[in-house]
Amino acid sequence: MNNKKSGGFVAARWLRLMPIVFITYSLAYLDRANYSFGAAAGMAKDLQITASMSSLLGALFFLGYFFFQVPGAHYAENKSAKKLVFWSLILWGLLAAATGVVHNVHFLIVIRFCLGVVESAVMPAMLVFLSHWFTKKERSRANTFLILGNPVTVLWMSIISGYLVSSVGWRWMFIIEGLPPIIWAFFWWKLVSDKPSEAKWLNNEEKSALESALQEEQKGLKPVKNYGEAFKSPLVIKLCLQYFFWSIGVYGFVMWLPSIIKAAPDMNMVTTGWLTSVPYVLAVIGMLTASYFSDKTLKRKAFVWPFLLVGAVAFYASYLLGADHFWISFVLLVIAGGAMYAPYGPFFAIMPEILPRNVAGGAIALVNSMGALGSFAGSYIVGYLNGSTGGFGASYIFMAGSLLLSAILTMTVGKSRKASEQQPEPKLGVSAR
């Protein structure tokens, strides 16, 4: 394949696939995170939800999210990520919309748990999907464009949800925001293929070049028989613990930031929405920058732990300031939010580079499921601390400590590419940069 054709082929994959991937994960995150706006906008009062029950409801999603990660990844790798994501889009849209019509907290408990179950397969399935389409030198950036759906969605969701709850109330906010995934499911089905060999928009030469490059990467990896062997790897265990503590900080922040901002003097929901969006602007910049340099240098760990350490320091500084310096504390929270999001692309590029394809998806799912447990803990404990102490200082300390532990665990992780570093980079005619 000549240079001009190869360059066009590389660009075609990015331009065709990444907008679809980005939109799909954005919609998943929309219906996961808008609960925080419902909680801050009168849902608790209307449904007579206590502070402790509100914390549990916010966290229940992640308990459901924990259970079906590995089966979802296994199905995506061995059957079809396309089919799995299609049905997930429809089901989570229906469940999200149903949140707007409940009149009983017990039904809300069931809906939040089921929403987590349905969405649990999406993240590992999408990462498996990307590993079938992008090479090692592209993978951190590809993962980042997927996970950018997280902060970008919270950014625009914070603004739109603020206006919706002010205009039509929290019930209609859930109903309106539950419809787009159902509609998008049919675009997803029409536009994507599980593997290059199934894509009608590639010619045979392009299919062969990409499949060969991806297969070449597998040659440098030590064979692993099954999930059991992979899951016992010390590196996978460390990454599970690291992501558990990291997720405590992220989701304690995401779920309760609107409530933290709303508690400031003279703060309304529209202003809360705008201010809640600010940390995610920095998050987008950080994610794009970290993934670019991680792919350029093929280093992963060095683009993870420093950001987590910055997040820990920012939370601790917010605690030291106390409740009387809202705007300085808000700036620190912006820094913490941006720093926590920046390393996602490099982090999720680690496992496909150290484990063969037959178990990499399962290992990603295991790590992500431990992140779900961390998210459960962060959502619940931060809400509990806020309610029981009447302030946010204790939760800042809790999130700071969690991120510090995550940073330390990352530092102890060995080199992520021992085998693959000694292999020449597979090429798609020319380098796939």
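**Notes on a predicted, helical model**

1. Lys82 is placed over the face of Trp189, 4.6 Å from the centre of the ring. This and every point below concern a predicted model, and the values quoted are computed from it.

2. As to the overall make-up, the secondary structure of the protein chain amounts to 20 helices and zero strands. The chain has 433 residues, of which 59% count as buried. Among the contacts in the protein chain with a separation of 6 or more, 84% are between residues 24 or more positions apart.

3. The whole structure contains 29 aromatic pairs. In one of them, Phe86 and Phe186, the ring centres are 5.5 Å apart and the planes stand at 85°, so the pair is edge-to-face. This pair joins distant parts of the chain, since Phe86 belongs to helix α5 (residues 69-98) and Phe186 to helix α10 (residues 169-191), 100 residues apart. Phe86 itself is buried, with a relative accessible area of 9%.

4. Another pair is formed by Phe376 and Tyr380, whose ring centres are 6.4 Å apart with planes at 10°, so that this pair is stacked. Why are Phe376 and Tyr380 separated by about one helical turn? They are four residues apart in helix α19 (residues 357-389), and therefore about one turn lies between them. An α-helix has 3.6 residues a turn, so residues three or four places apart point the same way. Tyr380 counts as partly exposed, at 28% relative accessibility.

5. Ring pairs also build a cluster, which links Tyr243, Trp246, Phe253, Tyr280, Phe315, Tyr341, Tyr344, Phe347, Phe348 and Tyr396.

6. Helix α15 (residues 305-321) consists of 17 residues and spans 25 Å from its first C-alpha to its last, which is close to the 24 Å expected at 1.5 Å a residue. After α15 comes Gly322, which has a positive phi, near 80°.

7. When neighbours within four places in sequence are left aside, Thr410 is in contact with Gln242, Lys301, Val304, Trp305 and Leu308.

8. Helix α6 (residues 105-119) can be read in the manner of point 6: it has 15 residues and reaches 21 Å from its first C-alpha to its last, close to the 21 Å expected at 1.5 Å a residue. Its buried residues are Val105, Leu108, Ile111, Arg112, Leu115, Gly116, Val118 and Glu119. An arc of only 165° around the axis takes them in, which means that they are on the same side of α6. On the other side of α6, His106 and Phe107 are exposed. At the start of α6, a side-chain oxygen of Asn104 comes to within 2.6 Å of the backbone nitrogen of His106.

9. Leu288 has its place in helix α14 (residues 269-297) and counts as partly exposed, at 35% relative accessibility. Leaving aside neighbours within four places in sequence, the contacts of Leu288 are Thr144, Phe145 and Leu148. The C-alpha atoms of Leu288 and Ser140 are separated by 9.6 Å, although these residues are 148 residues apart along the chain.

10. Gly228, found in helix α12 (residues 227-231), is partly exposed, with a relative accessible area of 38%. How far apart are the C-alpha atoms of Gly228 and Val359? They are separated by 9.2 Å, while the two residues are 131 residues apart along the chain.

Conventions: Residues numbered from 1 in each chain as written. Predicted model: local features only at pLDDT ≥ 70, side-chain atom pairs only at ≥ 80, totals over all residues. Heavy atoms only, no water. Contact = heavy atoms within 4.5 Å. Phe/Tyr/Trp six-rings, centres within 6.5 Å; stacked < 30°, edge-to-face > 60°. Helix = DSSP H or I, 4+ residues; strand = E, 2+ residues; numbered from the N terminus. Buried < 20%, exposed > 50% of the residue type's maximum accessible area, 1.4 Å probe, protein only. Lys NZ or Arg CZ within 6 Å of the ring centre and 35° of its normal. Expected span 1.5 Å × (residues − 1). Arc of directions from axis to C-beta. Polar contact = N/O pair within 3.5 Å; in protein donor to acceptor, adjacent residues only side chain to side chain.
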